[in-house]
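Please keep the structure open beside you as you read.

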Amino acid sequence: MTRKQLFDHVCSYFADAMPEVKPELNYSDAFSLLVAVMLSAQCTDKRVNMITPALLKRYPNAHEMSKAEERDVYDLIASCSYPNMKAKHLVEMSKMLCEKFGGEVPGSMEELESIPGVGRKTASVVASVWFGKQVIAVDTHVHRVAARLGLTKDATTPLATQKQLTEGFPHEILGTAHHWLLLHGRYVCIARKPKCDKCGLADVCKNKPKDDLKHLKNR
């Protein structure tokens with residue numbers, strides 16, 4: 001099977017298995033999405049969805065959150081991972097939005113990545129989900145599934161994985177492909193003891209459950 005045939009096969013499978021995909025994070029606008037994605041680093045979407053209602057009720061926009069004390073934000077997000085760091089980043093992010101972007105979330109990758117606490121993955125998710133940019137975000141799930149299926153080869157960094165997937169998938173479905181790989185990795189192709197008996201792509205899987213993903217921690 002050629003590389004193109006592999007990508008075509010994977011696209012065909014997911015188009016049938018997951019005809020409609022969307023983020024599992026709850027959000028209502030660009031700001032709430034950015035906040036949720038920042039909180040989701042090394043934290044489950046379920047936990048983030050439990051945290052954001054009270055947080056965003058108190059600080060519904062960048063202007064309000066920019067005036068917050070880090071300790072007050074910490075108290076509202078204490079049940080998520082790394083709450084001290086995330087509280088600091090949320091306040092700094094809000095201040096920058098107000099100072100440089102009129103309180104609005106910018107739409108370009110370059111501008112998004114200039115924001116404190118926003119890395120390539122977070123920027124890619126926001127750019128894709130809210131602004132409709134065709135960019136594929138890479139987290140541990142996406143990296144793992146892509147490697148096991150052979151969609152990437154010797155990709156040891158998020159950027160390398162993103163580049164190879166961007167080259168392989170049709171440009172117009174990059175955002176959708178992100179969710180395909182993410183959800184497949186979250187529920188089927190899990191890190192330990194993947195559910196290969198429930199996977200419709202087992203025939204092409206390289207199945208390397210011992211992949212070292214430490215360098216790809218969500219951020």
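## The largest pocket

Which residues lie nearest the centre of the largest pocket? They are S40, D45, D139, L182 and R186, and they belong to a lining of 21 residues. Please bear in mind that this is a predicted model. The volume of this pocket comes to about 360 Å³.

Two elements give two or more residues to the pocket lining: α8, which covers 120–129, and α11, which covers 174–187. Of the elements, α11 gives the most, with five residues. Sorted by class, the lining of the largest pocket holds eight nonpolar, seven polar and six charged residues.

## The cavity

The structure also holds one cavity of 30 Å³ or more. How much space lies in the largest cavity? The answer is about 80 Å³.

## Helix α2 against α3

Now for the helices. Helix α2 spans residues 30–39 and helix α3 spans residues 45–58; the two pack at an angle of about 135 degrees, and their axes are 10 Å apart. Because of that angle, α2 counts as oblique to α3. The crossing of α2 past α3 is right-handed.

Which residues make this contact? From α2 come F31, S32, V35, A36 and L39, while α3 brings V48, I51, T52, L55 and L56. The contact of α2 with α3 has eight nonpolar residues and two polar ones, with no charged residues.

## Helix α2 against α8

Helix α2 has a contact with α8 too. Here the axes come within 10 Å and cross at roughly 145 degrees. This crossing of α2 and α8 is right-handed.

On the α2 side you will find L33, L34, V37 and M38, and these meet T122, V125, V126 and V129 in α8. The class count for the contact of α2 with α8 is seven nonpolar, one polar and no charged residues. Remember that α8 is also one of the elements giving two or more residues to the lining of the largest pocket.

## Helix α5 against α6

The last pair is helix α5, residues 70–77, with helix α6, residues 83–101. They pack at an angle of about 125 degrees, with 8 Å between their axes. That angle is why α5 is described as oblique to α6. As α5 passes α6, the crossing is right-handed.

How do the residues of the contact of α5 with α6 divide by class? There are seven nonpolar, one polar and three charged residues.

Conventions
Residues numbered from 1 in each chain as written. Predicted model: local features only at pLDDT ≥ 70, side-chain atom pairs only at ≥ 80, totals over all residues. Heavy atoms only, no water. Axes fitted to C-alpha atoms, helices over the stretch in contact; angles between N-to-C directions. Helix = DSSP H or I, 4+ residues; strand = E, 2+ residues; numbered from the N terminus. Parallel < 35°, antiparallel > 145°, perpendicular 65-115°, else oblique. Left-handed = near helix turned anticlockwise from the far one by under 90°. Contact = heavy atoms within 4.5 Å. Nonpolar A, V, L, I, M, F, W, Y, C, P; charged D, E, K, R; others polar. 1 Å grid on protein atoms, 1.4 Å probe; cavity = no way out; pocket = protein on both sides within 12 Å on 5 of 7 lines; lining within 4 Å. Points joined across faces, edges and corners; volume = space filled by probe spheres on them.
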